[in-house]
Amino acid sequence: MYRYFVVNNHKLTSSTLLLTLKKDVLAKDFVFLPGQYVTISFKRNGRPTPARCFSIANSPTEKDIIQLSIRIRGRYTGRVAELNIGDEVQVRGPFGSFVFDENIDKDVVMLAGGMGIAPLISIVHYASNINLTNKINLLYSCKDQDDVPFIEQLTDLMNSNQNFKTTLAISGGPVDRLTKYNVVSGRITPDVIDANINGSYADKQFFICGPPQFMNSMAGILRKKGVSASNIMMETFSQGPNSQTGKIRSWPMNIYAFGAIGVVLGGLAVMISDILNTLPSNSALGSSSLVDSNNATNSRQAELDNLVNSLPSVTNPAPLSPSAASSGAQQTSSSSSTPTITTSPTVTKTTLAPVCTTSQSTGLTTCI
Amino acid sequence: MHIRRLSQTKLALGSDVTLSIVTDMSTVETDVLFMELWNRIFIFEKSFSRFLPMSELTTFNRSSGIKSTITPEFKNLLLSAKKMSIETNGLYNPFITPALQKAGYKKSAVPGYEQDAQTDYTDRRVVEAERLEIGDVWAQIPYGTALDMGGIGKGYLANQLGVMLNRHNIHGYWLSLGGDIVTKGVDENGNMIRLDIQSANNLVSTTNWIINCPEKKFAVATSGTFRRKGQDVSQKWHHIINPETQKPAVTDICLATVCADTCESADVLASCAIIMGSDKAPIFLKQHGIKSVLLQCIDEKGTPFDIVFGRNIKMNNPAGVFQNA
């Protein structure tokens with residue numbers, strides 16, 4: 001959060017104002033890109049107001065100030081209009097991916113509706129201030145000739161930047177006081193756009209900002225003209241979550257996108273690894289498949305088949321002596337049964353008996 | 001017809017199996033009885049040996065991860081295995097096969113059958129016995145696991161053979177299935193059946209201890225680190241695997257002889273005793289209601305010592321010397 005102070009607060013038109021804020025000298029630098037927005041809140045009767053989003057209207061090259069153009073419409077903006085010079089304003093941001101990239105956006109067409117001019121004029125200011133050669137063609141729709149915010153600044157910008165031109169579309173009333181501008185009566189229509197760009201929609205980047213209906217209308221026109229969605233940028237912060245229909249361009253969005261892709265790929269890797277660990281390996285499956293009922297190489301299996309099918313009668317008429325049972329077992333297998341059977345001791349050798357002690361508590365006898 | 005003792009020994013279940021009965025039945029009758037007993041044993045081995053490629057156990061393992069229809073006998077065996085695993089808190093684990101094979105027990109221990117084809121489970125994993133699912137007519141093990149019914153299978157079969165013999169006019173019997181013994185009744189002289197216990201130090205000799213078997217059904221099992229063992233390229237191994245380490249148990253018990261009511265319990269608890277070692281095994285076995293135990297141990301200096309408790313195991317000739325009877 002940044003501490004800013006009001007240095008200017010004046011009306012651009014009867015219903016719009018330009019709020020100029022200057023950063024606290026001790027605060028860290030506030031760096032933003034042309035087209036981004038901030039949230040502001042301030043104290044009213046000692047209590048902080050909710051935060052609201054507003055586009056930055058000045059150029060990022062103006063280091064210490066930010067300018068916000070605001071249409072006075074409700075209670076909140078009414079209170080903004082009442083801010084006095086020196087009042088403190090808390091600023092958060094910058095936010096938004098509706099940004100101008102001078103390296104990509106070489107030929108820009110801006111479609112602004114009303115106060116949608118704010119982020120676009122920031123871009124124009126920026127391009128003019130650093131003498132960019134990017135072509136910028138602004139089509140600016142306003143209700144009437146008395147409500148055209150930034151009209152003077154646009155004039156200055158056109159004079160200073162040969163690559164920037166403006167067409168005003170005044171949807172209602174006369175346009176007699178705008179004769180020095182390229183102006184059309186009515187809304188921005190496909191024909192107006194066609195005329196301004198000579199029907200060439202290719203290789204152009206379109207920036208649209210304004211009321212939702214305006215943006216949807218403009219985007220529809222462009223789509224019908226075959227403009228790719230990746231070449232249309234729309235600022236929609238006022239409608240909820242930030243979104244843009246164009247390609248992902250800003251570095252934060254790229255980071256988010258790559259991060260998300262990374263998480264997905266990581267998850268897949270873990271999942272596949274887990275599945276592979278769960279599966280028996282080829283050798284296990286292979287060895288299992290070695291067991292073929294048609295090719296059983298197990299001699300014990302064959303022997304058992306014979307034994308079960310025709311059990312030979314092998315009876316010892318004489319009882320086996322314990323030693324015979326034991327020794328017989330040893331001859332055939334190293335794993336003879338351990339206890340052998342006896343009816344009486346048959347061992348003739350003399351052996352010392354083990355020395356045993358019995359624990360009174362546990363009842364265990366230990367012999368050595 | 002006078003009472004006499006008849007014994008037969010055959011190779012089955014991966015070791016020597018000796019069946020001894022004390023009876024006054026005719027020779028024809030005893031021949032038929034032995035034939036029934038052997039048939040039962042061979043069919044059991046054919047069904048539940050993991051060394052046989054077409055046994056029910058092998059095909060079941062091959063279908064790991066899939067619900068497989070099982071025979072009632074296999075179901076009983078699985079239930080018994082799961083029960084014993086729960087009772088021993090996982091010290092006995094029927095899923096231990098992969099670890100057993102990794103430790104070196106890859107071939108049949110029976111001479112002449114070492115090269116028999118068998119399934120290699122070394123790439124499979126060991127899971128807890130709770131993962132064994134048993135339904136009415138089906139069972140399922142997790143994918144990539146394998147069961148082995150080795151020890152508990154012998155104990156189960158020994159009990160089943162005892163049940164078969166109970167239907168005949170038998171005065172006594174003792175059935176030895178590769179370390180698992182079940183006895184009942186008396187010998188041909190009407191005396192208590194006595195079992196010598198093989199010495200862990202010298203396999204061809206017996207210890208000074210004997211087991212006096214009561215007339216009612218009685219089960220004895222031995223488990224040791226000296227029988228199923230070998231020398232791999234890198235390490236020595238034996239077949240008692242510690243489920244925690246999944247490696248051959250490091251233990252000071254060479255041979256555990258456990259007397260119990262059922263052969264399954266005796267077999268499983270004998271193996272558990274070896275895993276636990278001489279310090280903990282006696283208490284563990286007492287807690288599980290074992291009647292008598294002989295643990296043949298060896299200390300760090302190589303000195304052998306025995307731990308014994310229970311009234312069925314007695315010292316043979318306490319006077320100190322064996323004399324020819």
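Trainee: Which residue in β13(A) does A:Phe206 stand opposite?
Mentor: A:Ile232. This is a predicted model, where local features need pLDDT of at least 70, side-chain atom pairs count only at pLDDT 80 or more, and totals for chains, interfaces and linings use all residues. Residues are numbered from 1 along each chain as its sequence is written, and chains are lettered from A and ligands numbered from 1 in the order in which they are written.

Trainee: How many bridges join β12 to β13(A)?
Mentor: There are 3, with β12 (residues 205–209) running parallel to β13(A). Strands are DSSP E runs of at least two residues, helices H or I runs of at least four, both numbered from the N terminus; pairing takes at least two DSSP bridges.

Trainee: What's the strand order in the open sheet?
Mentor: β11-β10-β9-β8-β12-β13 in chain A, 6 strands with parallel pairing. The edges are β11 and β13 (232–234), each pairing on one side only.

Trainee: Why call β10 largely enclosed?
Mentor: Because 5 of the 7 residues of β10(A), 164–170, are buried (20 or more other C-beta atoms within 10 Å of their own, C-beta placed from the backbone). β9(A), residues 135–142, joins β10(A) through 7 bridges, with A:Leu138 partnering A:Thr166. β11(A), residues 182–185, pairs with β10(A) over 4 bridges, and A:Ala169 has A:Val184 as its partner there.

Trainee: Switching topic, what's the mean pLDDT of chain A?
Mentor: 76, with 74% of its residues at 70 or more; pLDDT is the predictor's confidence in each residue, from 0 to 100.

Trainee: Where does it stay under 50?
Mentor: Stretches include residues 281–296 and 313–353 of chain A.

Notes
Contact = placed C-beta atoms within 7 Å. Buried ≥ 20, exposed ≤ 12 C-beta atoms within 10 Å, placed from the backbone.
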